[in-house]
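Reader: I would like to learn how to read a few features of a protein model. Please give the general idea each time, then the case at hand.
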Amino acid sequence: MNLRNKLAKQFLIFLCFLTFVITLCIFVSSTYMDFVLKDVSSNSVPIKYQIQFMVMLGVICLLAVVMVAFIFGKLFGSPLLHISSWLQNLANNKLEEPKGNKGIPASQRLNGQLKQTYKVYDDVIADLHKLTDTLKSSDLERKKLEKTREEWMTGISHDLKTPISVVKGYAALLANKDYRWSSKEIREFSSIIHGRMDYMERLVEDFNLTFQLKNDALPMKLELCNLVELVRQAIVDIANDPQVENQYEFSYEPTFEAIYREVDPKLFKRAMINLISNAVKHNSPGTIIRISIQKKNNNQGVSLIHIIVQDNGIGMDEVTIKNLFNRYYIGSGSPERKGSTGLGMTISNEIIRAHGGKIEVNSILDEGTTCTIIFIE
């Protein structure tokens, strides 16, 4: 039953009740006057009795109307005032239902059930609860976005200072009229400037990506992809890098020729490259890096996909493992020297989480590190 029909039903009940009360008042007044005038001739009713009857009838009817008005206000007015106060709260960004003296909403009993007088507006109250929850969610998202934006601005301004100062310094040297630089020196300065500009470009791109991933603002183009092939492509890209080629030993051991899952191929490959690159950057040449992909069942019998990146390098301590996925954390070494923005592992973690997976890390100092990506098949 919609609100209009509920109100019409309540109004009919109210009219019937009002009619009954007025009829009862007239009956009571008439009965009383009949008792008073039982010894008086019907042809000679004194005027004082007529006035007494009219006054009595008027007082009783007035009391009846006041009582009915109070009941009407309780039935219809109180819920409407409560709804009005609720809307005022929402308008003032106070995202909650008004509460009574006992600290619970005025529309509810102590057991949480809706009061009888509010049930006629149950649909409206339910919609207001949905609206309140939606506004709360939007407010949390807005605050989260503002916080992330502030972090983004703070982080990028902080991290850009060093490369900008380097570029500015070498540019000032090249522009200095008191010196005549040789072609070799100019090429050297230009190479340094170019390297810092590349670093700044990667930094801005990584900041943008982490900002979008953290706020679920990155549209993912999901496709049914062969994960075995995507992992292989990521390994080949890293192994063919001139700075890596022939310095590290890569081993790829998939237990299946094909494992299909819906992923964004570009983002998934980016996450894999970051994980494998991390094993390269933080270990010395000659390190063995083994990558495997397999299926396993957990204790509940759920089929899982495990993608494992394992090395026999220097390993990590507990502090590094704990902070590995934090933004800007770089276990050791300068980001410029390592060519890292300090956001690679954060990006990988956010990408895998966006795909419904997780990354687990196990490491022992001087023995190596194992990173495992886990998906439910």
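Author: Start with burial: a residue is buried under 20% relative accessible area, exposed over 50%, and partly exposed in between, with a 1.4 Å probe and protein chains only. This is a predicted model, in which local features need pLDDT of at least 70, side-chain atom pairs count only at pLDDT 80 or more, and totals for chains, interfaces and linings use all residues. Residues are numbered from 1 along each chain as its sequence is written, and side-chain values use heavy atoms, with hydrogens and water left out.

Reader: Is Asn349 buried or exposed?

Author: Asn349 has a relative accessibility of 14%, so Asn349 counts as buried. Its place is in helix H9, residues 344–354. Helices (H or I, at least four residues) and strands (E, at least two) are DSSP runs, numbered from the N terminus.

Reader: Which residues does Asn349 touch, leaving aside its neighbours within four places in sequence?

Author: Contact means heavy atoms within 4.5 Å. With those neighbours left aside, Asn349 is in contact with Phe325 and Ile359.

Reader: How many residues of H9 are buried?

Author: Eight of the 11 residues in H9 are buried, and the helix is mostly covered. Among them are Met345, Thr346, Glu350 and Ile352. After H9 comes Gly356, with a positive phi near 85°.

Reader: What does the chain look like as a whole?

Author: It has nine helices and seven strands. Of its 377 residues, 33% are buried. Where contacts join residues at least 6 apart in sequence, 71% of them join residues at least 24 apart.

Reader: How should I read two packed helices?

Author: Two packed helices are described by the angle between their axes and the distance between the axes. Axes are lines fitted to C-alpha atoms, for helices over the stretch in contact, and angles run from 0 to 180 degrees between N-to-C directions. Here, the axes of H5 (residues 227–239) and H6 (residues 265–281) come within 9 Å and cross at roughly 45°.

Reader: What are H5 and H6 to each other in orientation?

Author: Angles under 35 degrees count as roughly parallel, over 145 as roughly antiparallel, 65 to 115 as roughly perpendicular, and the rest as oblique. H5 and H6 are therefore oblique to each other. For handedness, a crossing is left-handed if the near helix is turned anticlockwise from the far one by less than a right angle, and right-handed if clockwise. The crossing of H5 with H6 is right-handed.

Reader: Which residues make the contact?

Author: On H5 they include Leu227, Leu230, Val231, Ile235 and Ile238, and on H6 they include Phe268, Met272, Ile273, Ile276 and Val280. Ala, Val, Leu, Ile, Met, Phe, Trp, Tyr, Cys and Pro count as nonpolar, Asp, Glu, Lys and Arg as charged, and the others, Gly among them, as polar. By that division, the contact of H5 with H6 has 12 nonpolar, two polar and two charged residues.

Reader: And aromatic rings?

Author: A pair of aromatic rings is described by the distance of the centres and the angle of the planes. Rings of Phe, Tyr and Trp (its six-membered ring) pair if their centres lie within 6.5 Å; planes under 30 degrees apart count as stacked, over 60 as edge-to-face and the rest as tilted. A search of the whole structure gives four aromatic pairs. In one of these, the ring centres of Tyr170 and Phe189 lie 5.1 Å apart with the planes at 50°, so the pair is tilted. Tyr170 is in H3 (residues 122–175) and Phe189 in H4 (residues 183–214), 19 residues apart, and the pair links distant parts of the chain. Phe189 is buried at 10% relative accessible area, whereas Tyr170 is partly exposed at 24%.

Reader: How far apart are the ring centres of Tyr179 and Trp181?

Author: Their centres are 5.3 Å apart and their planes are at 20°, so this pair is stacked. Tyr179 is partly exposed at 49% relative accessibility, and Trp181 is partly exposed too, at 22%. Tyr170, Tyr179, Trp181 and Phe189 form one aromatic cluster. Beyond residues up to four places away in sequence, Phe189 touches Tyr170, Leu173, Leu174 and Trp181.

Reader: Where does Asp366 lie?

Author: Asp366 is in the loop between strands S6 (358–364) and S7 (368–376). Its phi is near 65°, a positive value in a residue other than glycine. Asp366 counts as exposed, at 66% relative accessibility.
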